[in-house]
Amino acid sequence: MDIKPRIKGFICTTAHPEGCLRRVEEDVRLARADAPPSHPGPKRVLVIGASAGYGLACRVTAAFTYGAETLGLSLEREESGNRTASAGWYNNEAFAALAARGGPRAETLNGDAFDPSVRAETAEKARAFFTGGQIDLVIYSLAAPRRTDPATGESWRSVIKPLGAPFSGQHLDVWTGEVSRVTLEPAAEEETAATVKVMGGGGWLDWIETLTAAGLLADRCQTVSFSYIGPEKTHAIYKNGTIGRAKEDLEHRCADINALLASRGGRAFVSVNKALVTQASAAIPVVPLYISLLYRVMKDAGLHEGCQEQAQRLFSLLYGDALKTDEAGRLRLDDREMRPDIQAEVDRRWTLADTASMPELADLEGYRADFMRLFGFAPDGGVYGGG
């Protein structure tokens, strides 16, 4: 079929299989080109949420930089009639194809990571797949918008809202370049609770408890999940909003997981990462404006990183001599973004940002290209990497 991007707001409802393959190939090249690790890395890695973003980038790093066997889990849509599969489905197919070309053993499961039966089935699959030993790294990278209890049918949907009072701020339409004001009403208590249920750390803890009870985790096993803090200008809608409340829960659960793993020398970390164009970040008001300004500043300074570069730096921390955390025990992969000189320049541009000045101040083309790349498309709507 002739596949074209169909963009509705902050999502694209189509994906291109060839473009997704080329995008994953590009990430694999980056991982293979990385300096040979000076320390042993993971050997058996489970990635929960393996089909995109940091989950996929970590899986690529584990496999193609460190030579680890990987088992991935995600919930993706396959092709049906004239409807393309989801980008994550094609990403998983691409990863499998590349791993089959002389790469380390890999297998991918499709299922709802919140479903207890899927956790149990994955644990049994892991027992059969990782025949050389136990799992030594678990990546938890879910960005699901909804969670459903399979036993009762009750569903919870996450929302992106401020807490306590309405929020008003600048917002960028990345497709038109228009800067306008947006106002959001505060979340109700039940909306906040639902967001924590979906995006908090409860699912992460459930997985570690299941794997521990099954005897599948190695001594000194590490596990990582992801968060974001960002500058004060985004705090009302992120750090101090419903998403931020969910990320607070993630950190609390991280402490619980640490206590669970401590007796065998294991550790859990929340990694605070850089602002990047993802399907999730594109949906957050104010954030596209901030990211487009940040991209220009960091690229001009030679400091820009994508998901793949961030994942490779994460592994160099986990398996090198330079592991250090902040006062809350978090890994800080946002250190370059939050450098005072970078933030000062973003702040200067933020005060000048309007529709007319955006082409000069921001990296609109970079933002659009990264968004299209998520779905295997080039900025002009053709296949990514084609031509």
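User: How do helix 6 and helix 7 lie to each other, roughly parallel or oblique?
Analyst: In this predicted model, helix 6 and helix 7 (residues 242–261) pack with their axes 8 Å apart and an angle of about 15 degrees. Axes here are lines fitted to C-alpha atoms, for helices over the stretch in contact, with angles running from 0 to 180 degrees between N-to-C directions. Under 35 degrees counts as roughly parallel, over 145 as roughly antiparallel, 65 to 115 as roughly perpendicular and the rest as oblique. Helix 6 and helix 7 are therefore roughly parallel.

User: What kind of model is this?
Analyst: Residues are numbered from 1 along each chain as its sequence is written, and side-chain values use heavy atoms, with hydrogens and water left out. Local features need pLDDT of at least 70, side-chain atom pairs count only at pLDDT 80 or more, and totals for chains, interfaces and linings use all residues; the model is predicted.

User: Is the crossing of helix 6 and helix 7 left-handed or right-handed?
Analyst: Helices (H or I, at least four residues) and strands (E, at least two) are DSSP runs, numbered from the N terminus. A crossing is left-handed if the near helix is turned anticlockwise from the far one by less than a right angle, and right-handed if clockwise. By that rule, helix 6 and helix 7 cross in a way that is right-handed.

User: Which classes of residue make the contact of helix 6 with helix 7, and how many of each?
Analyst: Contact means heavy atoms within 4.5 Å. Helix 6 brings Gly202, Trp204, Leu205, Ile208, Glu209 and Thr212, while helix 7 brings Asp249, Leu250, Arg253, Cys254, Asp256, Ile257, Leu260 and Leu261. Sorted by class (Ala, Val, Leu, Ile, Met, Phe, Trp, Tyr, Cys and Pro nonpolar; Asp, Glu, Lys and Arg charged; the others, Gly among them, polar), the tally is eight nonpolar, two polar and four charged.

User: Where does the aromatic pair of tyrosine 140 and tryptophan 204 reach in the chain, and how many residues apart are the parts it ties together?
Analyst: Rings of Phe, Tyr and Trp (its six-membered ring) pair if their centres lie within 6.5 Å; planes under 30 degrees apart count as stacked, over 60 as edge-to-face and the rest as tilted. Both tyrosine 140 and tryptophan 204 are buried, where buried means under 20% relative accessible area, exposed over 50% and partly exposed in between (1.4 Å probe, protein chains only). Their pair is stacked, at 6.4 Å centre to centre with 15 degrees between the planes. Tyrosine 140 is in strand 6 (residues 135–140) and tryptophan 204 in helix 6 (residues 202–213), so the parts tied together are 64 residues apart.

User: Why is the pair of tyrosine 54 and phenylalanine 226 classed as it is?
Analyst: The structure holds ten aromatic pairs. In this one the ring centres of tyrosine 54 and phenylalanine 226 are 5.2 Å apart and the planes sit at 20 degrees, so the pair is stacked.

User: What are the relative accessible areas of tyrosine 54 and phenylalanine 226?
Analyst: Both count as buried. Tyrosine 54 comes out at 13%, and phenylalanine 226 at 8%.

User: What angle do helix 1 and helix 2 make?
Analyst: Helix 1 (residues 17–33) and helix 2 (residues 53–64) have axes 9 Å apart, and they pack at an angle of about 50 degrees. That makes helix 1 oblique to helix 2, and their crossing is right-handed. The contact takes in Arg23, Val24, Asp27, Val28, Ala31 and Arg32 of helix 1 plus Leu56, Val60, Thr61 and Phe64 of helix 2. So, to come back to the angle: about 50 degrees.

User: Which residues does phenylalanine 64 touch, leaving aside its neighbours within four places in sequence?
Analyst: Phenylalanine 64 is in helix 2 and counts as buried, at 9% relative accessibility. Its contacts are Val28, Ala31, Arg32, Phe95, Leu98, Ala99 and Gly103.

User: How do helix 8 and helix 10 lie to each other?
Analyst: The axes of helix 8 (residues 287–300) and helix 10 (residues 340–352) come within 9 Å and cross at roughly 130 degrees. Their crossing is right-handed. The two helices are therefore oblique.

User: Is valine 286 buried or exposed?
Analyst: Most residues other than glycine have a negative phi. Valine 286 has a positive phi of about 80 degrees although it is not a glycine, and its place is the loop between strand 12 (267–272) and helix 8. With a relative accessible area of 1%, valine 286 is buried.

User: And arginine 220, buried or exposed?
Analyst: Arginine 220 also isn't a glycine, yet has a positive phi of about 65 degrees. Its place is in strand 11. At 61% relative accessible area, arginine 220 is exposed.
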